[in-house]
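I set out to record how the ligand is held. The entries below follow the order in which I looked things up.

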Amino acid sequence: MDCIFCKIVSGEIPSFKVYEDDATIAFMDINPLSEGHLLVVPKRHFADLFGGDTDAMGSAMTAAGKVAAGLKTALGIDSLNLVQANGPWAAQSVPHFHLHLIPRKEGDGLGMDWPLVQGDMEAIKKTCESIASAIT
Ligand code: AMP
Ligand code: ZN
């Protein structure tokens with residue numbers, strides 16, 4: 001399969017690996033948004049959250065907790081964004097599920113602090129009911 005993260009998992013292409021267990025690997029993002037930006041990646045290939053392998057996603061989340069603790073100690077940070085993209089309009093560029101761990105610092109200007117604008121409660125309720133009835 002022509003997947004760059006599968007090739008990193010298999011060792012076919014190099015990475016700066018920080019962590020590995022049976023199900024998950026974590027390595028540095030080579031286009032970092034901040035110092036310490038890294039990716040936590042299930043070893044098994046699946047594209048995204050939609051119908052993804054829930055066991056593998058759970059393992060990735062457990063690994064993310066361990067790696068985040070290491071980041072905190074190593075870099076002395078107290079803030080981090082966990083970001084995960086699904087599909088082109090969410091800016092997913094590599095179609096192999098992954099979690100971004102992005103350390104944050106005061107005034108870093110990364111701009112993930114969107115304003116709170118109250119929504120239409122009737123519309124929220126309707127959408128809520130539609131989603132709830134679609135969850136199997
Ligand atoms: P996304 O846009 O959420 O799919 O994120 C994909 C991420 O993978 C981007 O932040 C890239 O910088 C990163 N990336 C792509 N290729 C590599 C690579 N060979 N090693 C490490 N990170 C990579
Ligand atoms: Zn893959």
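Entry 1. I sorted the shell around ligand 1 by class and found ten nonpolar, five polar and one charged residues. Here Ala, Val, Leu, Ile, Met, Phe, Trp, Tyr, Cys and Pro count as nonpolar, Asp, Glu, Lys and Arg as charged, and the others, Gly among them, as polar.

Entry 2. I noted the basis: this is a predicted model in which local features need pLDDT of at least 70 and side-chain atom pairs pLDDT 80 or more, whereas totals for chains, interfaces and linings use all residues. Residues are numbered from 1 along each chain as its sequence is written, chains are lettered from A and ligands numbered from 1 in the order written, and side-chain values use heavy atoms, without hydrogens and water.

Entry 3. I looked up which elements supply the shell: helix 1 (4-10) gives three residues, the largest share. Helices (H or I, at least four residues) and strands (E, at least two) are DSSP runs, numbered from the N terminus.

Entry 4. I then listed polar contacts (pairs of N or O atoms within 3.5 Å; within protein, one must be able to donate a hydrogen and the other to accept it, and residues adjacent in sequence count only if both atoms are side-chain atoms). A backbone N or O atom of Ser93 is 2.7 Å from an oxygen atom of ligand 1, and for a polar backbone atom of Val94 the distance to a ligand oxygen is 2.9 Å. From the side chain of His98, a polar atom lies 3.0 Å from an oxygen atom of ligand 1.

Entry 5. A polar side-chain atom of His98 is 2.6 Å from the backbone oxygen of His96.
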